[in-house]
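Here are a few notes to read alongside the structure. Have a look at it first, then go through the points in order.

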Amino acid sequence: LEGLPAKLAALEQAKAALFPIAADKVRDEMAAQAAKASDPSVSNQAITGIIDKVQLAVVDLNSDLQKLERMIRMSIPKAEDGNNWGVEVQLGVVKIVTDARTAMKATNDGLKEYFKERSEAVEKLAKSSETKTSEGTSETESTGGEKDTKETKKSKSTDTSTKTGTACADRTLHLAAIDT
């Protein structure tokens, strides 16, 4: 826990490196991402790298908060009749730390949702191709007539359908918004 202030300072410094786009430049970055969205099979490496680093930081900070919570819980004095103000303060601090840990878990879960949301947007943008192949064989044998016959019929069919078209501009902007 001694290193917690240094970790927080390092996170503040990393924030500028991880998020270099100024607020007034976000719209320009979205337009650039929309232009790149023509190939949705390529993942956004910048966002993926940021998510990896943020997830590691969240897990590390959650671990530190868990240690802090445990330390506070272990040092809560025994509650007695009257003059329990210190106990109430420590229980209040434990609640704040627990709430912070819950928020960290929610943040980590939200980071995972990025990939789900992006994949759904990419599926709607991507050209799709579908090929169906079916094969069949039938044999017929006939006896007792003028001629004994034996027939074998084979059939094979292949259907290929491709859905192409221009992507809706709003869908492209949606993907760009997810990626910025």
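1. Let's start with one residue, bearing in mind that this is a predicted model. Asp-99 has 39% relative accessibility, so it counts as partly exposed. Asp-99 pairs up with Lys-95 in a salt bridge, where the closest N and O atoms are 3.0 Å apart. Both sit in helix 4, and because they are 4 residues apart, about one helical turn separates them.

2. Now for the overall picture. The chain has 5 helices and 2 strands, and along the sequence they come in the order α-α-α-α-β-β-α. Of the 180 residues, 19% are buried. The chain exposes about 13500 Å², with carbon and sulfur atoms supplying 54% of that.

3. Which residues make up the largest nonpolar core? There are 8 of them: Leu-4, Val-58, Leu-61, Leu-65, Ile-72, Val-94, Val-97 and Met-104. Helix 3 (45-74) and helix 4 are the elements that give two or more residues to this core, and helix 3 gives the most, with 4 residues. As background, nonpolar side chains tend to be buried together in soluble globular proteins.

4. Setting aside neighbours within four places in sequence, Leu-61 is in contact with Leu-4, Leu-8, Leu-11 and Met-104.

5. Back to charges: the whole structure has 6 salt bridges. Glu-69 takes part in one with Arg-101, with the closest N and O atoms 2.9 Å apart. That pair links distant parts of the chain, since Arg-101 is in helix 4 and Glu-69 is in helix 3, 32 residues apart. Glu-69 also forms a salt bridge with Arg-73, this time with the closest N and O atoms 3.3 Å apart. Arg-73 and Glu-69 are 4 residues apart in helix 3, so about one helical turn lies between them.

6. Is Glu-69 buried or exposed? At 9% relative accessibility, Glu-69 counts as buried, because the cut-off for that is under 20%. Its two partners count as partly exposed: Arg-101 is at 23% and Arg-73 at 47%.

7. Elsewhere, a network of salt bridges links Lys-7, Asp-60 and Asp-64.

8. Last, the surface. Val-93 belongs to helix 4 (residues 85-125) and, with 34% relative accessibility, counts as partly exposed.

Notes
Residues numbered from 1 in each chain as written. Predicted model: local features only at pLDDT ≥ 70, side-chain atom pairs only at ≥ 80, totals over all residues. Heavy atoms only, no water. Buried < 20%, exposed > 50% of the residue type's maximum accessible area, 1.4 Å probe, protein only. Areas by Shrake-Rupley, 256 points an atom, 1.4 Å probe, with all protein chains shown as cover. Core = buried A, V, L, I, M, F, W, Y, C linked by side-chain atoms within 4.5 Å. Contact = heavy atoms within 4.5 Å. Salt bridge = Lys/Arg side-chain N within 4 Å of Asp/Glu carboxyl O.
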